[in-house]
Structure formats: structure tokens, C-alpha cells
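Hi there,

Here is the structure I promised to pass on. Have a look at it first, and my notes follow below.

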Amino acid sequence: MNRRRWSYGVAGLALCCLPAPVPAHAAPIPDGPGRDAVPAYIGSPAVPKAIPGRPVPANPHMAAPGYAAMHADSYASDTYPFLGPLGRDPQVLTEAKAGGLPALCSTVNYARRSGLLVAQCTKGGTFTLRLIDPRTLKDLATYELPGRPSTVTAVTALDLDKVLTDTSGGAYYYLDAQDRAVLADSAFHLRRFAHVRTSRGWKFKVTDDWNLARHVPHSCPTWKNPEPRGECDPITSVQPDWKGLIWWVTRKGRVGTLDPRNGRVRVLRLRGEDIQNSFAAGRRGVSIVSDHALYLLRADKAGKPKILWRRTYDRGVRRKSGQLDRGSGATPTLLDGEYVAINDNAEPRMNVLVHRLRDGKRVCKVPVFWKNRSASDNSLIGFGRSLVVENNSGYRNFLELAPGASSVGGLARVDVTSRGCRTVWTSRERSPSTVAKASVPGGLVYAYTKEPRKDGIDAWYLTAIDFHTGRTAYKVLTGTGKYFDNNWAPINLGPDGTAYIGVIGGLVAVRDKR
């Protein structure tokens with residue numbers, strides 16, 4: 001198969017179910033059929049009522065909580081210390097980011113020093129780091145990143161699942177305490193990007209560049225050599241510990257540290273285990289979940305990762321619908337620096353698992369959702385002594401979701417008590433794949449929902465759920481059609497009360513008019 005045929009193949013696979021392309025210049029994301037046939041707003045404005053608990057502490061080597069990463073902070077709490085939209089005359093703004101090509105913005109962080117958004121987005125088969133005006137969603141600067149080897153594999157095998165389940169390439173980046181984006185790309189370079197203003201406008205500037213290739217197998221497929229000999233082990237996530245070492249993990253179970261003061265790298269191998277998601281860091285250490293076990297690690301004096309404890313969980317017998325791979329699917333979530341929580345992959349119902357950080361002892365195991373219809377591939381929301389878990393059963397990716405279809409649905413709140421854990425409420429809202437978030441002062445959980453419809457209309461809503469009761473407060477229509485599917489991307493909140501959602505067509509913002 002020649003390169004031209006590969007290119008045609010990936011284009012056909014990616015665009016087969018999308019509406020007509022939008023213009024190459026900046027434009028709103030086009031709706032699919034049925035926008036006028038569905039309600040634009042459901043419910044009524046919410047009244048803020050704060051979630052009880054102590055604030056998430058700041059990792060001194062990351063941006064402040066709420067500004068730092070895909071999961072908001074070092075604890076991966078998925079919570080924000082500021083209000084999101086309350087549903088008061090909400091306004092929806094959209095911006096297409098790559099013409100008719102998929103342009104999903106996987107991670108959007110707000111840089112406090114500049115007041116701008118830093119986003120990692122797809123652009124067809126490649127990745128782009130974008131600096132975005134938070135009010136208009138227009139790009140102020142871009143930086144092209146290397147494409148993932150899985151794109152080549154997906155084309156040669158005619159299997160988009162290869163690329164749609166690949167979390168490497170920079171999606172799990174973070175902003176450091178100087179608002180620099182710290183990112184490991186598909187060329188095995190770990191880099192820090194500052195964004196600076198010049199006489200010609202804004203631009204990204206690489207301030208540090210460390211090549212990790214000699215520490216990680218990197219015989220990866222390329223367009224010139226789609227079937228190389230040797231191993232390819234992409235880096236999936238980076239984050240600092242509380243002493244300043246930059247930790248990184250690979251898909252095939254390598255856990256490494258880089259000392260930014262001298263460039264020294266140390267690596268530990270979790271043999272026979274894969275790591276699909278990101279990780280959490282607190283004062284006690286770094287918590288990582290593989291497809292076999294939950295870990296707490298800490299670097300020794302030489303900087304090498306050391307396992308403090310390891311706890312296996314029920315990884316199930318298969319990759320369920322609603323998962324990127326077999327196993328937990330969660331990024332570990334820290335609670336008050338005392339506990340760590342994940343979900344397992346058990347049958348017939350998955351469980352929320354909570355362990356003590358100091359010794360790994362399991363505090364509780366709570367089944368959630370419905371028999372033979374439970375799966376999750378998203379981090380749990382965690383604040384105080386409360387967790388919120390989302391059910392992704394029934395969703396795989398934006399291409400395989402039939403018109404008018406949705407996931408099984410469900411979000412559940414689980415509280416840690418002196419006697420273990422209990423389920424407080426279960427919502428029936430259907431949030432197929434989003435990384436849901438919570439506003440602590442607002443007391444709202446934000447999900448991205450889609451109800452099944454017999455008429456085939458795909459209507460996507462930003463949905464606010466009362467954290468205290470589980471009742472839906474309001475829903476705002478963002479758009480209709482495939483371009484508005486978020487395909488596993490998160491909701492991110494800005495300090496001005498805006499909710500940002502990365503979708504296949506680009507970026508969506510929802511904010512109160514007043």
C-alpha cells in the first residue's frame with residue numbers, strides 16, 4: 001500500500017460520518033440535522049451551594065488548582081475553586097479549529113498570568129498546541145507537534161480504534177508554576193513551552209527540551225517505515241511530584257522521572273502491565289494505576305521511582321464497551337491527601353475502590369450502576385470525602401455511536417464515612433464519555449450529555465447536576481451532530497465562570513450572559 005492510499009484511507013475513515021466540511025478560515029462549528037427540533041434550554045438557573053471540604057492544596061511545581069491540568073490539579077480532583085455557569089441566560093460560542101477535519105481539543109487550561117487558554121488539540125492526524133483568546137476562542141498562536149505513530153498503524157490496518165484509544169502525544173500535559181506547558185510528544189521529547197508576546201503578537205517558545213528516546217523503546221511506525229522492527233512505547237502522561245521531579249509514564253508500563261535541574265532520568269518498569277491514563281501526586285507520593293494494579297510510588301535519593309505499595313483489583317475479563325482498554329480506566333483521584341480512589345472493571349457491576357494512601361489498605365468497595373451495564377474510562381471527581389463516578393457503558397468513539405443513540409448513562413456520588421463508603425445518589429443523566437467536572441463554590445457537577453432519540457437527532461447538552469441531591473439543575477444545548485461529540489475530551493472551567501468543552505469540530509464555550 002503506497003502513502004497516497006494510506007492518506008486516502010485515514011481521511012475516509014475519519015470523515016465518513018461527519019457533515020460537510022466547514023471553511024478553512026475560523027468559523028463556528030456547523031450543526032447537524034435537527035437543531036430547531038430540540039429544546040435549547042431545559043431546567044432553571046442554579047443557586048450556588050458550596051461542596052464541604054478542605055481546598056485542594058497547590059503542588060508548588062504546578063499552576064494553582066483549577067488551572068493546572070486536564071484533571072484540574074495535582075490530586076486529579078476534577079474540581080475547580082471557582083464558579084462555572086449557573087444557567088442564567090447562558091450563551092454558547094463555538095469555534096471550528098481545522099476546517100472539515102477532526103479538531104478535538106483534548107485539554108484546555110487557563111493561564112493566569114496572560115489570561116489566555118493553552119490547549120492541546122488534534123488537527124486531522126496531527127497535534128497542535130494552541131494559544132486561544134478565552135472570550136472569542138480565536139487562535140493567537142499555534143505550535144505543530146509530532147503526529148502519533150498510532151495514526152500510521154490505524155491507516156495500514158484500516159482500524160481507527162488504534163488511534164482513538166491512544167492517549168499519548170501530549171493530551172496529558174500540565175501548566176507549571178510559571179504557566180509553561182510541560183508536554184511529552186510523540187517524538188519522545190519532553191519540552192516546556194512558554195507563551196510570550198512580541199511586537200508581532202503571541203508565540204510559543206520552547207524553553208527546555210529533553211530527549212527521552214534513549215530511555216524508552218522508540219522503534220515506532222512512520223509513513224516511510226510503517227512496520228519497523230523493535231518496540232515502540234509511547235509516553236502517555238507527565239506531571240511533577242511535590243519535590244520538583246517531572247514524572248512520566250508510558251503505555252507499556254514504564255515509570256520515569258526527569259530532574260529538570262540536571263536532566264537526569266531514572267526509569268522503573270512495571271513488567272506485563274499497561275498504563276493508559278494519567279496519575280496523581282501528593283505529599284505522600286505519586287499514585288498510578290495500571291491495567292492490573294493501583295500503586296503508590298516515591299522517588300529515592302537518586303530520583304528513581306520506588307514502589308511503596310501495590311494493590312491489585314478486579315480487572316475483569318475483557319475490554320467493555322465504554323472503555324479504551326481492559327482494566328480500571330481511571331486516573332487515580334486523591335481525597336484530602338489521605339485516600340486514593342479508582343474504579344475497577346468487575347462483572348456484573350463495577351466498583352468504586354478507596355484505599356488509604358499511607359499503607360494501601362482498602363477502605364471500601366462499592367458497586368455502582370446496573371448489572372452488565374457498567375464501565376468507566378474517566379477519572380472520578382473527588383473533594384472532601386465525596387466522589388462522583390460516571391458510567392460510560394455503551395460508548396466507544398464518535399464514529400461508532402449511531403445517529404440518535406447514546407450510552408447507558410448514569411453518574412453516582414459515593415461518600416467515604418467512618419464505617420466505609422455509601423452511595424448517596426445516582427443520576428440517570430447520560431454522559432457518554434466526558435471527563436465530568438465540579439465547581440466547589442457552586443456545588444454543581446458538569447457533564448456533557450446526549451439522550452437517545454428515535455428520530456436520529458444527536459443533541460448535545462452541557463448539563464449541570466446538583467452535587468448535593470443528584471437532581472439536574474439545567475441543560476444547555478451546545479449543538480447537534482457528530483461535530484459536537486466530545487469523544488472522551490473533558491469539560492474545563494475558567495475563572496470567569498465559562499465552561500469549555502473540546503468536541504470533534506473544535507471548541508465550545510458556555511457562559512452566563514449575566
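Let me start with Glu273, which counts as buried at 7% relative accessibility (buried means under 20% relative accessible area, exposed over 50%, partly exposed in between, with a 1.4 Å probe and protein chains only). Before going on, please note that this is a predicted model, where local features need pLDDT of at least 70 and side-chain atom pairs count only at pLDDT 80 or more, while totals for chains, interfaces and linings use all residues. Residues are numbered from 1 along each chain as its sequence is written, and side-chain values use heavy atoms, with hydrogens and water left out.

Glu273 has a salt-bridge partner, Arg310, at 2.8 Å from N to O (a salt bridge is a side-chain nitrogen of Lys or Arg within 4 Å of a carboxyl oxygen of Asp or Glu). Because Arg310 sits in strand β19 (residues 305-312) and Glu273 in the loop between β15 and β16 (280-282), this pair ties together parts that are 37 residues apart in sequence. Helices (H or I, at least four residues) and strands (E, at least two) are DSSP runs, numbered from the N terminus. Arg310 itself is partly exposed, with a relative accessible area of 36%.

The count of salt bridges comes to 26. Another one joins Asp185 and Arg191, whose closest N and O atoms are 2.7 Å apart. Here Asp185 is buried at 2% relative accessibility, and Arg191 is buried too, at 11%. Asp458 and Lys450 also pair up, with 2.9 Å between the closest N and O atoms, and both residues are buried.

Ser186 is in the loop between β9 (181-184) and β10 (189-198) and is buried, at 12% relative accessibility. Beyond its neighbours within four places in sequence, its contacts (heavy atoms within 4.5 Å) include Pro149 and Gly169. Pro149 is also one of the buried residues of α2. That helix, residues 149-156, is mostly covered, with six of its eight residues buried. Just after α2, Leu158 takes a positive phi of about 50°.

Finally, Arg269 is found in strand β15 (residues 265-269) and is partly exposed, at 29% relative accessible area. Leaving aside neighbours within four places in sequence, Arg269 touches Glu231, Lys252, Gly253 and Arg254.
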